[in-house]
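Student: I am new to this structure. Please take me through one part closely, the place where the two chains meet.

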Amino acid sequence: MVMSWILFGMFLISFLCALATGSGSALAAASLEGAQAGVTLAVSMAGAVCLWSGVGRLLETTGVTGWISRRMRPLLTRLFPSVKTDASLGASLSANICANLLGLGNAATPMGIQAAKRMRRGDTATDELCRLVVLNTASIQLIPTNVAAVRSALGCAAPFDILPAVWITSFLSAGLGVAAAWLLGKVWKQ
Amino acid sequence: MTDYIVPLILLSTAALGLWKRENVYDILLQGASQGLKLLVSILPALILLLTAVHMLRASGAIELLGQVFSPVFTRLGIPRETAILVLVRPFSGSAALAVGAELMAQYGVDSAVGRTAAIMLGSTETTFYTISVYFGAAGIRKTRYTVPAALFADLTGFCMASLTARLCFPG
């Protein structure tokens, strides 16, 4: 339902702007161009998206993701102290974070939800649950394949040259987001 | 250096798969068909949203929006052309992808605006969607400070994306 309002808003704003600036004919042409651009974009990024999903599958079946998440588990105890007493929470949490790092969104969400359900105490979010959600809203993906796919679809010669910038940005935004959650948790009592 | 990351990942995962006696080819095919399903599922949204984005641009609304937000964004170091992306990003992933792709096409993939848009897309998430999925599934009604903290992370991401775009690609 939210999307219906967003879409309606976009149509309304462009209609009103076109009336004000007198660019009605351009608006009509743009609507059809845009629809075609959607198809073109999806087709031109298809190759990269499919290839990366294949690699993601391979990382799962060969046990790479499992290995990384086992290595990560000790690190989690600082951020999520109840991992110490709940082993299966630790397993789903580290699988969630590992899938996020590798950009396997389809695998990350179910594991994250499993962890969230185990953390749940009543209908108020606990500090740990807030931190988990903040960590998931701040992207920590190491290789943003969809963006690279769009870039190469648009003729970029080195679609991955933004990686260092993405890493710095993701690391800082996730780190500061969790730090903010930590601070707010001290003052914002349940 | 970044040139070799993807070829190396392809080579090493294939080698590891063979070493573990997995049917590498079949697994890659399965993954690729999953990817295709994902694309088919977002295609209708991309068509609708790119229609809307193209209309917004043709009508001059995006330009206007950039001018309105320009004072705030200049102070934060965010290019005003990316205003629309910053506003859409927390609400809808496919709309953000549509807007970002449009910015990259319009200003060029290797332009400052195009790169900033790409870094923003790569280092932020669909915040409100994620919050609603997680809290919805866990049955949480009082979210306490999650939204402000998550939005703070997003804002950091947008500012840092603009900054790193300038630092990593000067000139």
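Tutor: Start with who takes part. Chain B brings 83 residues to the contact, and chain A brings 90 residues. Keep in mind that this is a predicted model.

Next, the area. The size of an interface is often given as the accessible area lost when the parts come together. Here chain B and chain A bury about 7,600 Å² between them. Of that, 77% lies on carbon and sulfur atoms. On the chain B side, three residues lose the most area to chain A: Y134(B), R144(B) and Y145(B). Together they make up 12% of what that side buries.

Stay with R144(B) for a moment. R144(B) also forms a salt bridge, and its partner is D127(A). Their closest N and O atoms are 3.2 Å apart. Across the interface of chain B and chain A there are 4 salt bridges.

Now see which helices of chain B touch chain A. Seven are listed as each supplying at least two residues: α1 (5–19), α2 (24–58), α3 (61–76), α5 (93–107), α6 (112–123), α7 (127–138) and α8 (146–168). The largest share comes from α2(B), with 24 residues. Sort the chain B side by class, and you get 52 nonpolar, 22 polar and 9 charged residues.

Then turn to the nonpolar cores. The largest has 51 residues. Within this core, M45(A) and L85(B) touch the most other members. Helix α5(B) gives the core its largest share, 8 residues. Look around L85(B) itself. Leaving out residues up to four places away in sequence, L85(B) touches A96(B), V99(B), G100(B), L103(B), A117(B), M120(B) and L121(B). There is also a second, separate core, of 44 residues. Its members include L59(A), A125(A), C130(A) and V134(A).

Finish with one residue of chain A, S152(A). Find S152(A) in helix α7 of chain A, which covers residues 145–153. S152(A) counts as partly exposed because its relative accessibility is 35%, between the cut-offs of 20% for buried and 50% for exposed. A polar atom of the S152(A) side chain lies 3.3 Å from the backbone oxygen of A149(A). Now compare positions with I13(A). S152(A) and I13(A) are 139 residues apart in sequence. In space, their C-alpha atoms are 31 Å apart.

Methods: Residues numbered from 1 in each chain as written. Chains lettered and ligands numbered in written order. Predicted model: local features only at pLDDT ≥ 70, side-chain atom pairs only at ≥ 80, totals over all residues. Heavy atoms only, no water. Contact = heavy atoms within 4.5 Å. Buried area = accessible area lost by both parts, 1.4 Å probe. Salt bridge = Lys/Arg side-chain N within 4 Å of Asp/Glu carboxyl O. Helix = DSSP H or I, 4+ residues; strand = E, 2+ residues; numbered from the N terminus. Nonpolar A, V, L, I, M, F, W, Y, C, P; charged D, E, K, R; others polar. Core = buried A, V, L, I, M, F, W, Y, C linked by side-chain atoms within 4.5 Å. Buried < 20%, exposed > 50% of the residue type's maximum accessible area, 1.4 Å probe, protein only. Polar contact = N/O pair within 3.5 Å; in protein donor to acceptor, adjacent residues only side chain to side chain.
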